[in-house]
Amino acid sequence: MDMELNTRKKKILEMIIRTYMETGEPVGSRTVSKMTDMNLSSATIRNEMSDLEEMGYIIQPHTSAGRIPSDKAYRMYVDSILNDKDKEVSDMQELLIDKADKIDLLLKQVAKLLAQNTNYTSMVTKPRALSRKIKFIQLTKMSEGQLLLLIVTQANNVTNKFITTDDGLSDEDLAQLNFLLNTALGGMDVSEISIALASKIKDQAGEYDALVSDVLDAIAKEFQDDESEVYTSGATNILKYPELMDKEKMEGLLSTFEEKQMLDVWANDDDAVQDTEHSIKVYIGDESPIESMRDCSVVTATYKIEEGVYGKIGIVGPKRMDYEKVVGTLENCMHQLDDIFKNGNKAALPDNNNEKE
């Protein structure tokens, strides 16, 4: 009999699959009628289930009145999930690429305007997620022996990694691996992936345990290398202040702004970000978080894109800096960045009409 898997049948089949996955018990028409929002009678559902059984999507174990999904049903269900995720990820990538370009330009402008407005040196980091929770993982076959690993975090950051494999993966094996990885890791912070959990996933992957090991290594390395970029502006402003003109001190400061290694330590200090959310911190002399700035004052603030996604702003100048002006400028900039990222408003950034005489 040639029957079509229409919308109603798909909804009933999905309900049977989900219910069986949760309970492990055969699913009857009465259970489906209570859980579906289609307002169908038990008789109608029984007829639809009869059709689904004839089509090979559900089977009746033993003499039970209930039905369980067949392999064919699981295949349809998994393919549907992956197709939905493919579209979601594709749409998300386009959005994020556009957003990333705009963020880069915006933050470079912020650094420049802060330096001009204060006559000091500015530091602005790109936002980064404190939580590294996995939203979705997908392996896609690119060519013989090469897979593309797509990682999407809860903060909607998308990362691509290529993985080389000698395994002759079929499309079905690949779908099962994707299902295994997402079931095991979905919603989990990378820091929570223990050796025991990794071992369990590899055991479940069977002959593809080496490939799963490569995937887990790639995920760990990606988040280990996930560091904020730092934009700086006005580094030569320090030459305007005689107390910072000592040759050795000046070279140390300029080197810090040029090479940015010590700035990375400041930018990626997650504890400091959490402690300073929406507050201003002032470091004077030896209090400075960066050694080469121990003869300076450093004023920092934190801006937030969304929950768990933060960036940092800093102003570096002499100890006799105009603290009132710097603090006011940072507070203004911080709240305007919050407004831009949260609401999409084209808020005015600090202008350069108040340069220090």
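Leaving aside its neighbours within four places in sequence, which residues is Arg 67 in contact with? Keep that in mind as you look around; what you have open is a predicted model.

Start by selecting Arg 67, in the loop between strand E1 (58-59) and strand E2 (68-69). Now show what surrounds Arg 67: beyond those sequence neighbours, the contacts are Ile 16, Pro 26, Val 27, Met 49, Glu 53, Ile 58, Ile 59, Gln 60 and Pro 61. Is Arg 67 buried or exposed? Arg 67 counts as buried because its relative accessible area is 16%, and the cut-off is under 20%.

Next, hop over to Thr 19 in helix H1 (residues 7-23). Thr 19 is buried too, with a relative accessible area of 7%. Zoom in on its side chain: a polar atom there lies 2.7 Å from the backbone oxygen of Met 15. Not counting residues up to four places away in sequence, Thr 19 touches Gly 24, Val 27, Thr 31 and Met 35. You've met Val 27 already, as one of the contacts of Arg 67.

Now for some rings. Select Lys 72 and Tyr 57: the charged end of Lys 72 sits over the Tyr 57 ring, 4.5 Å from its centre.

Last stop: the one aromatic pair found in a search of the whole structure. Select Tyr 120 and Tyr 241, whose ring centres are 5.7 Å apart and whose planes are at 40 degrees, so the pair is tilted. This pair links distant parts of the chain, 121 residues apart. Tyr 120 is in the loop between helix H4 (71-118) and strand E3 (121-125), while Tyr 241 is in the loop between strand E8 (230-233) and helix H8 (247-259). Both tyrosines are buried.

Methods
Residues are numbered from 1 along each chain as its sequence is written. This is a predicted model: local features need pLDDT of at least 70, side-chain atom pairs count only at pLDDT 80 or more; totals for chains, interfaces and linings use all residues. Side-chain values use heavy atoms; hydrogens and water are left out. Helices (H or I, at least four residues) and strands (E, at least two) are DSSP runs, numbered from the N terminus. Buried means under 20% relative accessible area, exposed over 50%, partly exposed in between (1.4 Å probe, protein chains only). A polar contact is a pair of N or O atoms within 3.5 Å; within protein, one must be able to donate a hydrogen and the other to accept it, and residues adjacent in sequence count only if both atoms are side-chain atoms. Contact means heavy atoms within 4.5 Å. Rings of Phe, Tyr and Trp (its six-membered ring) pair if their centres lie within 6.5 Å; planes under 30 degrees apart count as stacked, over 60 as edge-to-face and the rest as tilted. A charge sits over a ring if NZ of Lys or CZ of Arg is within 6 Å of the ring centre and within 35 degrees of the ring normal.
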